[in-house]
Amino acid sequence: QVQLVESGGGLVQPGGSLRLSCVASGSIASIYDMGWYRQAAGKQREWVAAITFGGSTTYGDSVKGRFTISRDYAKNTIYLQMNSLNPEDTAVYYCNATVATRTTTADYWGQGTQVTVSS
């Protein structure tokens with residue numbers, strides 16, 4: 001069993017910053033790609049950023065230049081540093097990871113953390 005747990009969400013003013021974390025735990029043999037998605041109220045889930053096993057990063061157009069994804073391999077953790085936040089960034093942010101256990105490889109999701117950008 002594999003669990004992903006996000007943290008770091010909250011309420012921030014426009015122009016502010018937040019740092020999200022996602023920790024993977026359980027019967028993990030290896031973690032491949034990891035990433036962040038978000039879903040605003042009434043909208044479809046949107047891909048935000050990804051980081052490969054080798055450390056290569058990619059970003060959605062709406063966050064490029066403002067968000068930074070990083071990874072701590074020793075802690076099975078990824079981070080999302082979010083700067084210059086605006087109200088359009090308000091959403092539930094979800095962590096995703098492709099994880100290999102002893103018996104299978106599958107995609108896992110966290111429960112989400114709410115980010116609200118408002119004055």
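The exercises below, each with a worked solution, concern a predicted model of one protein chain.

**Exercise 1. The overall make-up**

State how many helices and strands the protein chain has, and decide whether its radius of gyration agrees with that of a compact globule.

Solution. 
- Step 1. The protein chain has 0 helices and 11 strands.
- Step 2. For 119 residues, a compact globule would have a radius of gyration near 14 Å.
- Step 3. The protein chain has 14 Å, so the value agrees with the globule rule.
- Step 4. Along the principal axes, the C-alpha atoms fill a box of roughly 45 × 25 × 25 Å.
- Step 5. Of the 119 residues, 41% count as buried.
- Step 6. Among contacts with a separation of 6 or more, 54% are between residues 24 or more positions apart.

**Exercise 2. The surroundings of strand 9**

Find which strands pair with strand 9 (residues 91–100), and say whether strand 9 is enclosed or open.

Solution. 
- Step 1. Strand 4 (residues 30–39) pairs with strand 9 in the antiparallel sense, over 8 bridges. In this pairing, Gln 39 has Val 92 of strand 9 as its bridge partner.
- Step 2. Strand 11 (residues 113–117) also pairs with strand 9 in the antiparallel sense, over 3 bridges. Here Val 92 stands opposite Gln 114.
- Step 3. Strand 10 (residues 105–109) runs antiparallel to strand 9 and is joined to it by 5 bridges. One of the partner pairs is Ala 100 with Thr 105.
- Step 4. Strand 9 and strand 10 form a hairpin, with 4 residues between them.
- Step 5. Now count the buried residues: 8 of the 10 residues of strand 9 are buried, so strand 9 is largely enclosed by the rest of the structure.

**Exercise 3. Salt bridges around Arg 38**

Identify salt-bridge partners of Arg 38, and classify the residues as buried, partly exposed or exposed.

Solution. 
- Step 1. Side chains of opposite charge can pair when their charged atoms come close.
- Step 2. Arg 38 forms a salt bridge with Glu 46, whose closest N and O atoms are 2.8 Å apart.
- Step 3. Arg 38 also meets Asp 89 in a salt bridge, at 2.9 Å from N to O. This pair links distant parts of the chain: Arg 38 lies in strand 4 and Asp 89 in the loop between strand 8 and strand 9, 51 residues apart.
- Step 4. Buried means under 20% relative accessible area. Arg 38, at 5%, is therefore buried. Asp 89 is buried too.
- Step 5. Glu 46 has a relative accessible area of 32% and so is partly exposed.
- Step 6. Arg 38, Glu 46, Arg 66 and Asp 89 are linked in a network of salt bridges.

Technical notes:
Residues numbered from 1 in each chain as written. Predicted model: local features only at pLDDT ≥ 70, side-chain atom pairs only at ≥ 80, totals over all residues. Heavy atoms only, no water. Buried < 20%, exposed > 50% of the residue type's maximum accessible area, 1.4 Å probe, protein only. Helix = DSSP H or I, 4+ residues; strand = E, 2+ residues; numbered from the N terminus. Pairing = 2+ DSSP bridges. Salt bridge = Lys/Arg side-chain N within 4 Å of Asp/Glu carboxyl O. Rg over C-alpha atoms; globule rule 2.2 N^0.38 Å. Contact = heavy atoms within 4.5 Å.
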